[in-house]
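Welcome, and take a moment to turn the model around before reading on.

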Amino acid sequence: MFTERTSVGLDVHARSVAAAAIDGVTGEVFKARLVPDQQVVLEWLGGLPGPVATAYEAGPTGYGLARALRAAGVRCEVVAPSKLARPSGDRVKTDARDAMHLARLLRLDEYTPVRVPTEAQESARDLVRAREAARGDLMRARHRVSKLLLRHGIVYSGGAAWTAKHDAWLLGQRFELPGTRTAFEDAYESAVLASGRRDRLDEQVAVLATEGEYVPVASRLACLRGISTLTSVALAVEIGDWDRFTGSSIGAYLGLVPTESSSGTRRSQGSITKTGNTHVRRLLVEAAWHHRKPYRPTAILRRRWERATPAAVARAQAGNHRLHRRWVGYAERRKRPVLANVAVARELAGWCWSLAVLPDQ
């Protein structure tokens, strides 16, 4: 419930901050256009009738302003832009109007806040997302190599691609025309450099699995089939505070629930919403494919169990059996594998939640 006297909306950009404040006692409105300096914003807030509460939309400017305001004793909410209610007839959008809109919603408590991570948590997330970017760059670089060769009728048939044997085969390719030769060398060099970047980042992410605040959660998540050490760390870092959710609500947060447009007696559902955290959704969808095959604990999985508590291992065992049974059930009902996998990923998110909130014993 809003308890402060003045509500302040801030429309924060890289080079400007539009501010609007509403005094709840007198009804007076204050407006200003500030430079994006934390001290300048604090000084302007200090001249308003207190106590003061502020809000601004989550975006590329990050959480530095929110941390500075909270450290100064000012309540600051970072609002989810996709959840802001806006009248359908409002066709005029300016920074000043956006700031006033935020100030009104803050006073009415009609907003959805996002979690503000600490600097250490944001640093870990930066590392995980850098690794995600390197993975995507490597995939695209490898595609460029293979598709260039395919256009010239050259196809590798000696087994799995991107192994030492495949690399030696690539180095043995020769092209007569200088343009094609230069293009191939550039694409191959990009793939090699991207692979090196990914490997270096993998080493740093692996350190998070053995040091720091994410070790307990990551070790429990890694007990599930399909969730490697790197994946478990990424899930722990991206979700952060698992207590915000329940086993059923985390699927909606990750955009794994179907869209719906129902009215009266008519119910219509469509594809998944694909809202929320894209990185976590991709990881869970990839992990869900591992539960399609019959469940047999591997040596790698057993080694991960040694780093977790017996309660976590027992819970993960139940999840592994349950998720494979779900795959079998979908196969018997002739569900499309892609649709079945998304359904399994949604349930996998719930099992991850149950392991993440499991107390250490």
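A crossing of two helices is called right-handed if the near helix is turned clockwise from the far one by less than a right angle, and left-handed if it is turned anticlockwise. Please keep in mind that this is a predicted model.

**A pair of helices**

With that term in hand, look at helix H12, which spans residues 310-332. H12 passes H13 in a right-handed crossing. The axes of H12 and H13 come within 10 Å and cross at roughly 165°. Angles over 145 degrees count as roughly antiparallel, so H12 is roughly antiparallel to H13.

Which residues of H12 and H13 make the contact? On the H12 side they are Ala312, Arg315, Ala316, Ala318, Gly319, Arg322, Leu323, Arg326, Trp327 and Tyr330. H13 answers with Pro337, Ala340, Asn341, Ala343, Val344, Glu347, Leu348, Trp351, Ser354 and Leu355. Sorted by class, this contact of H12 with H13 has 13 nonpolar, 3 polar and 4 charged residues.

**The open spaces**

Rolling a probe the size of a water molecule over the atoms shows where empty space is left. Here are the spaces side by side.

| Space | Volume | Lining by class |
|---|---|---|
| Largest pocket | about 1000 Å³ | 13 nonpolar, 10 polar, 8 charged residues |
| Second largest pocket | about 570 Å³ | 12 nonpolar, 6 polar, 11 charged residues |
| Largest cavity | about 30 Å³ | 9 nonpolar, no polar, no charged residues |

Start with the largest pocket, which has a volume of about 1000 Å³. It is lined by 31 residues, and those closest to its centre are Ala80, Val114, Tyr253, Gly276 and Asn277. Helix H4 (119-151), H8 and helix H9 (249-253) each supply at least two residues of this lining. H4 gives the most, with 5 residues.

The second largest pocket holds about 570 Å³ of space. Of its 29 lining residues, Gly226, Ile227, Ser228, Thr231 and His290 are the closest to the centre. At least two lining residues come from each of H4, helix H6 (178-208), H8, H10 and helix H11 (299-305). The largest share of the lining of the second largest pocket, 5 residues, comes from H10.

How many cavities of 30 Å³ or more does the structure hold? There is 1. The lining of the largest cavity is made up of Leu235, Ile239, Trp242, Ile250, Leu254, Val280, Leu284, Ala349 and Cys352. The elements that give two or more residues to this lining are helix H8 (229-239), helix H10 (278-288) and helix H13 (337-356). By class, the lining of the largest cavity has 9 nonpolar residues, with no polar and no charged ones.

**Two details of the backbone**

Most residues other than glycine have a negative phi, and most peptide bonds are trans. Two places in this model are worth a look with that in mind.

Is the peptide bond from Gly50 to Pro51 cis or trans? This bond is cis, with omega near -5°. You can find Pro51 in the loop between helix H1 (38-46) and strand E4 (52-57).

The other place is Lys274, a residue other than glycine with a positive phi, near 55°.

Conventions: Residues numbered from 1 in each chain as written. Predicted model: local features only at pLDDT ≥ 70, side-chain atom pairs only at ≥ 80, totals over all residues. Heavy atoms only, no water. 1 Å grid on protein atoms, 1.4 Å probe; cavity = no way out; pocket = protein on both sides within 12 Å on 5 of 7 lines; lining within 4 Å. Points joined across faces, edges and corners; volume = space filled by probe spheres on them. Helix = DSSP H or I, 4+ residues; strand = E, 2+ residues; numbered from the N terminus. Nonpolar A, V, L, I, M, F, W, Y, C, P; charged D, E, K, R; others polar. Axes fitted to C-alpha atoms, helices over the stretch in contact; angles between N-to-C directions. Parallel < 35°, antiparallel > 145°, perpendicular 65-115°, else oblique. Contact = heavy atoms within 4.5 Å.
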